[in-house]
Amino acid sequence: MNSKNLNPNVSVDCVVFGFDNEKLNILLIEQKPINPSIKPQSALPGDLVLEEESLDDAACRVLHELTGLTGIYLRQFKTFGDPNRVRDVKDLAWLQTYREYPQARVITIAYYALVKMNDFSPEASSFADRVYWCDIHNIPPLAFDHNLIAAEGLLTLRREFEAHRIGFELLPKKFTLSHLQRLYEIILDRKFDKRNFRKKILRENILTPLMEKQQGVYHKPARLYQFNLEEL
């Protein structure tokens, strides 16, 4: 890509959440090494915006270029514009290698997405050397201010999960009540009593019980459910 087509002052960064029925994960890239003596940093998928490109188009393009993911719904949640957000010493070598204007101030528009992890197989490309899922409780120090962006993305998910039930997209089409309870607990960061949780959820009439049970499990298979879309 011709760097002259890039706006040196505006970028997009993507916080992509995935749920594996046990943990809430975030998608990270590992930057390609620029020097054998410098350990590569991890970061959120993100890059500069093209001059003639909308922000939404930029977010979709950047995510595809770095991870190979397509067809993912991305939603803006916040803008980050600290004057020093890309001036940390730890980021200078990478910026000087990959940016035409490494000293330019960059304002970034952050997006978040929710994906079913089994539906996607991320693959690294562009300046990403590796793409991987990371438990939200074990996120390493990231490039730039990406730890802050990831934390704000999680806060946004928690608010919208409680207010609008945004987050159910993380579950597979068919799931157990235990999987649903675990999703509530991991997003809201609190425990629920099993019996009370199930009574409350079933009373809300947002689930449809199926005549199917889990397969391939060592314990007693549990009944599967799916969401009653008319009630959501």
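Visitor: How are α4 and α5 oriented to each other, and at what angle do they pack?
Guide: In this predicted model, α4 (residues 177-188) and α5 (residues 194-203) pack at an angle of about 100°, with axes 11 Å apart. The two helices are therefore roughly perpendicular to each other, a label that covers 65 to 115 degrees. Axes are lines fitted to C-alpha atoms over the stretch in contact, and angles run from 0 to 180 degrees between N-to-C directions. Helices are DSSP runs of H or I with at least four residues, strands are runs of E with at least two, and both are numbered from the N terminus.

Visitor: Which residues meet there?
Guide: From α4, Leu177, Ser178, Leu180, Gln181 and Tyr184 meet Lys194, Phe197, Arg198 and Ile201 of α5. Five of these residues are nonpolar, two polar and two charged. Here Ala, Val, Leu, Ile, Met, Phe, Trp, Tyr, Cys and Pro count as nonpolar, Asp, Glu, Lys and Arg as charged, and the others, Gly among them, as polar.

Visitor: And what else does Leu180 contact?
Guide: Leaving aside neighbours within four places in sequence, Leu180 is in contact (heavy atoms within 4.5 Å) with residues including Phe168, Leu171, Phe175, Leu207 and Phe227.

Visitor: How many residues has the largest nonpolar core?
Guide: That core has 39 residues, and Leu180 is among those with the most contacts inside it, as are Phe17, Leu24, Ile187 and Leu207. Helix α4 gives the most to this core, with seven residues. A second, separate core of 30 residues includes Leu6, Leu66, Leu69 and Trp94. A nonpolar core is a set of buried Ala, Val, Leu, Ile, Met, Phe, Trp, Tyr and Cys residues joined through side-chain atoms within 4.5 Å, and buried means under 20% relative accessible area with a 1.4 Å probe, protein chains only.

Visitor: Changing topic: where is Phe144, and is it buried or exposed?
Guide: Phe144 is in the loop between β7 (128-135) and α3 (146-164). Phe144 is buried, with a relative accessible area of 15%. Its phi is near 55°, a positive value in a residue other than glycine.

Visitor: What about Asp189?
Guide: Asp189, in the loop between α4 and α5, has a positive phi of about 60°.

Visitor: What is the mean pLDDT of the chain?
Guide: The mean is 92, and 97% of residues reach 70 or more; pLDDT is the predictor's confidence in each residue, from 0 to 100. Local features need pLDDT of at least 70 and side-chain atom pairs 80 or more, while totals for chains, interfaces and linings use all residues. Residues are numbered from 1 along each chain as its sequence is written, and side-chain values use heavy atoms, leaving out hydrogens and water.

Technical notes
Angles under 35 degrees count as roughly parallel, over 145 as roughly antiparallel, 65 to 115 as roughly perpendicular and the rest as oblique. Buried means under 20% relative accessible area, exposed over 50%, partly exposed in between (1.4 Å probe, protein chains only).
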